[in-house]
Amino acid sequence: MAQKFRSNGSAAYDIFAVHNHTARPLEKPEHLPEAPVLPVKKVRFKLSVSPFAIFGTATAVLMLLLVIFSYVSMFEVRNDIGDLKSEKAALAEQQEKLRSQYESSIDLSSIEERALALGLHQPTAENVRYVRIGEENTTQVFSTPEDRNIFEQIYDAFRDVFSDVAEYFS
């Protein structure tokens, strides 16, 4: 009996042994079968928005509004500062005019007449007293004692800061 396939001790069969060790030529079918046409279903997408996306967007919009309002308030403050500077310059000019008017209105003769009318008179030599200070340009500087506790110093510093802030806003 003749074998159609040879194995030579291998588990795999030699399928080309029948055809004289050549591959079979590729056969082309005469026409391909038509692909079935599937009906197209209309799909409605369900729109859903995450609450975190809404919260994030609202937070971003709020931050943007806060930045815009801070720039607007900063612009208003700068305008107010400009107005106050111009008002300060006008008041300084008015002060100089009033000072010069005051200094020109001082009349020593009228002051002497008024002093004599009130009974005032020049001091005599016995009314004049001279004081001699032994050391020239002396000052006395008082300092806080250094033996205070560090907690007391911190408490005093915070108390001073809060009192300054309260004084500023009152």
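The model is predicted.

Biologist: What percentage of the 170 residues of the protein chain count as buried?
Modeller: Buried means under 20% relative accessible area. Helix 2, residues 108-118, is hardly covered: its count of buried residues is zero. For the 170 residues of the chain, the buried share is 1%.

Biologist: Which residue with a positive phi follows helix 2?
Modeller: Helix 2 covers residues 108-118. The residue that follows has a phi near 90°. That residue is G119.

Biologist: Is D156 buried or exposed?
Modeller: D156 meets R159 in a salt bridge, at 3.3 Å from N to O. R159 is partly exposed, with a relative accessible area of 44%. D156 has 18% relative accessibility. The cut-off for buried is under 20%, so D156 counts as buried.

Biologist: Why are R159 and D156 separated by about one helical turn?
Modeller: Both residues lie in helix 3. They are about one turn apart because their spacing along the helix is three residues.

Biologist: How far apart are the closest N and O atoms of E93 and K97?
Modeller: E93 and K97 are both in helix 1. They are four residues apart, so about one helical turn separates them. E93 is partly exposed at 49%, while K97 is exposed at 52%. Their salt bridge has its closest N and O atoms at 3.7 Å.

Biologist: Which residues gather in a patch of negative charge on the surface?
Modeller: One of them, D80, lies in helix 1, residues 51-105. D80 is partly exposed, with a relative accessible area of 45%. The patch is made of E76, D80, D83 and E87.

Biologist: What is the area of the nonpolar surface patch that holds V161?
Modeller: V161 lies in helix 3, residues 150-169. Its relative accessible area is 46%, so V161 is partly exposed. The patch also includes I150, F151 and F169. Its area is about 1100 Å².

Biologist: Which backbone oxygen does the side chain of T59 reach?
Modeller: T59 is found in helix 1. T59 is partly exposed, with a relative accessible area of 31%. At 2.8 Å, its side chain reaches the backbone oxygen of F55.

How values were computed. Residues are numbered from 1 along each chain as its sequence is written. This is a predicted model: local features need pLDDT of at least 70, side-chain atom pairs count only at pLDDT 80 or more; totals for chains, interfaces and linings use all residues. Side-chain values use heavy atoms; hydrogens and water are left out. Patches are made of residues with over 30% relative accessible area and no salt bridge: like charges are joined within 9 Å, nonpolar side chains (Val, Leu, Ile, Met, Phe, Trp, Tyr) within 5 Å. Accessible areas come from the Shrake-Rupley method with a 1.4 Å probe; for residues, only the protein chains shown count as cover. A salt bridge is a side-chain nitrogen of Lys or Arg within 4 Å of a carboxyl oxygen of Asp or Glu. Lys and Arg count as positive and Asp and Glu as negative; His and the chain ends are not counted. The place of a charge is taken as NZ of Lys, CZ of Arg, CG of Asp or CD of Glu. Helices (H or I, at least four residues) and strands (E, at least two) are DSSP runs, numbered from the N terminus. Buried means under 20% relative accessible area, exposed over 50%, partly exposed in between (1.4 Å probe, protein chains only). A polar contact is a pair of N or O atoms within 3.5 Å; within protein, one must be able to donate a hydrogen and the other to accept it, and residues adjacent in sequence count only if both atoms are side-chain atoms.
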